[in-house]
Amino acid sequence: MMGCKDFFEANEGNLQKCKNLQDLDEATLARWEAESASDLSPGVVNDEEVLFQQIVDPTHLDPQRIALKPTAFQDSANKGLSTHRVAFTNWDDLVAVGQRRAEQYNVANPDRPPRSLWGFASFRTKDVRRITTPQDGRRAYFVYDTGNENDRSHADVCQGVAGDKHTERSIRASLYDLAKGSLLPVLAENGDP
Amino acid sequence: MDPVTLLVFTSLTASAAVTARSPWSAPRIEEKTPGLVIFQSIPAPTNLLVAPAVVAAPLVTLKDRLLTEIQQFSLGAADPVVSTHEDIATAEAILKALPAGLPLPVLMRNDNGQIGMYWDSEGAYADINIEPGHIFSFFSRSRVSGQERFIDALQVTAFTSAWAFDNLSVLVDGQLAAA
């Protein structure tokens, strides 16, 4: 029987890996959260951990800069929403990883508006795991320790429930609410770090 | 000080104060050549007066800015991810039909070019996704009761003032109107 590590190794680089998770039942996805997804991670993500989501796409920021637009969470439904486990990194490394990610994007997408690291949104893992579907209370999101050689702190937030449109919008709104008010800019308003 | 002197003094200081406070200084007139009156430059209007050019220019409303933002979604030059003209037209129609008295949304667009818009208030969260065929779907959640409403596959023509008030008033009072 496939385990968590087998799944993530088999789906490395798969931009639809969360869609594949949605073929599995909730009990399996929850059990896998207690199994490590990567030999390069410091261990499974526990409920009390804080996760940081990089903000590199300027179109994801709301005009007041206090929330992420709902589209910022799109990756959770397909490739996995990349986050970082704050307990296993530090601010300088977070900034360096974020800036590198933005630079890689710009090289790969020269025709698109350039990205840069604006800052981070933060979540508590247990709050993400508590989000449920509106009709039947199934768990919506699962958090896995997908640390890699460049970033041991990496974790993926994956939508594990294959929902109808109402479900999709409801759980997305819940992530939106979690992120609101949590934004941490890399630079202050006056440009100071 | 005798009353007459006081009165004169007071009127002088009052007029001086008025002069000092006056936003306008009368233009100085110099007569260099008999019959030729040269005006020194007239002071520019102060912020107490609005220049005619500003008054004549139409105000750009927040809704206008949103409509401009939607139009940007079709510009492939700035970003190869473009939204279809059909979807842009649907989003524009919704925005134009949004009645005064309801808040304006924030626009959003995903990596596939799908246009959406959302509202966030103390009373509720609501969003709209634009879909092909001049269709949209609507979601709202009251922050007061937790109740949700989802309506799928609406024709853009359904977005009337009445519909908007029925479904977006939750943003104001947190109460979902009867379906």
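Colleague: Where in chain B is confidence lowest, and where is it highest?
Modeller: This is a predicted model, and the pLDDT in chain B is lowest in strand β1 (residues 29-33), with a mean of 39. Strand β6 (residues 135-142) of chain B has the highest value, 98.

Colleague: What about the stretch over residues 4-45 of chain B?
Modeller: The pLDDT is below 50 there. Beyond near neighbours in sequence, that stretch has 24 contacts in the model.

Colleague: And what does chain B average?
Modeller: Chain B has an average pLDDT of 76, and 63% of the residues score at least 70. For the complex, the predictor gives an ipTM of 0.92 and a pTM of 0.81.

Colleague: OK, over to chain A. What's the strand order in the sheet of 6 strands?
Modeller: Reading across, you get β4-β5-β2-β1-β3-β6 in chain A. The sheet is open and its pairing is antiparallel.

Colleague: Which strands sit at the edges?
Modeller: Those are β4 (141-144) and β6 (184-185) of chain A, and each pairs on one side only.

Colleague: How many bridges join β4(A) and β5?
Modeller: There are 4 bridges between β4(A) and β5 (residues 154-159), in the antiparallel sense. To pick out a residue, A:Tyr141 has A:Gln159 in β5(A) as its bridge partner.

Colleague: Which strands does helix α6 of chain A touch?
Modeller: Helix α6 (residues 165-179) of chain A packs on the sheet and touches β3, β4 and β5 of chain A. The direction of α6 makes about 110 degrees with that of β3(A).

Colleague: How many residues of α6(A) are buried?
Modeller: In α6(A), 11 of the 15 residues are buried, so the helix is mostly covered. Among them are A:His166, A:Arg169, A:Leu175 and A:Tyr176.

Colleague: How far does α6(A) reach from its first C-alpha to its last?
Modeller: The helix reaches 21 Å, close to the 21 Å expected at 1.5 Å a residue. Just after α6(A), A:Gly181 takes a positive phi of about 85 degrees.

Colleague: And which strands does helix α4 of chain A lie across?
Modeller: Helix α4 (residues 91-108) lies across β1 (50-55), β2 (81-85), β3 (119-124) and β6 of chain A. Against β1(A), α4 runs at about 35 degrees.

Colleague: Where is A:Val86, then?
Modeller: A:Val86 lies in the loop between β2 and α4 of chain A. With 28% relative accessibility, A:Val86 counts as partly exposed. Leaving aside neighbours within four places in sequence, A:Val86 is in contact with A:Val50 and A:Phe52.

Colleague: Switching to cysteines: how many disulfides turn up over all chains?
Modeller: A search of the whole structure finds 1. The disulfide joins A:Cys18 to A:Cys158, with 2.1 Å from S to S.

Colleague: Which parts of the chain does the pair link?
Modeller: Distant ones: A:Cys18 is in helix α2 (residues 17-21) of chain A and A:Cys158 is in strand β5 of chain A, 140 residues apart.

Colleague: Is the disulfide left-handed or right-handed?
Modeller: The torsion about the S-S bond is about -60 degrees, so the disulfide is left-handed.

Colleague: Are those two cysteines buried or exposed?
Modeller: A:Cys18 is buried, at a relative accessible area of 0%, and A:Cys158 is buried at 0% too.

Technical notes. Residues numbered from 1 in each chain as written. Chains lettered and ligands numbered in written order. Predicted model: local features only at pLDDT ≥ 70, side-chain atom pairs only at ≥ 80, totals over all residues. Heavy atoms only, no water. Pairing = 2+ DSSP bridges. Helix = DSSP H or I, 4+ residues; strand = E, 2+ residues; numbered from the N terminus. Contact = heavy atoms within 4.5 Å. Axes fitted to C-alpha atoms, helices over the stretch in contact; angles between N-to-C directions. Buried < 20%, exposed > 50% of the residue type's maximum accessible area, 1.4 Å probe, protein only. pLDDT = per-residue confidence, 0-100. Disulfide = S-S within 2.5 Å. Expected span 1.5 Å × (residues − 1).
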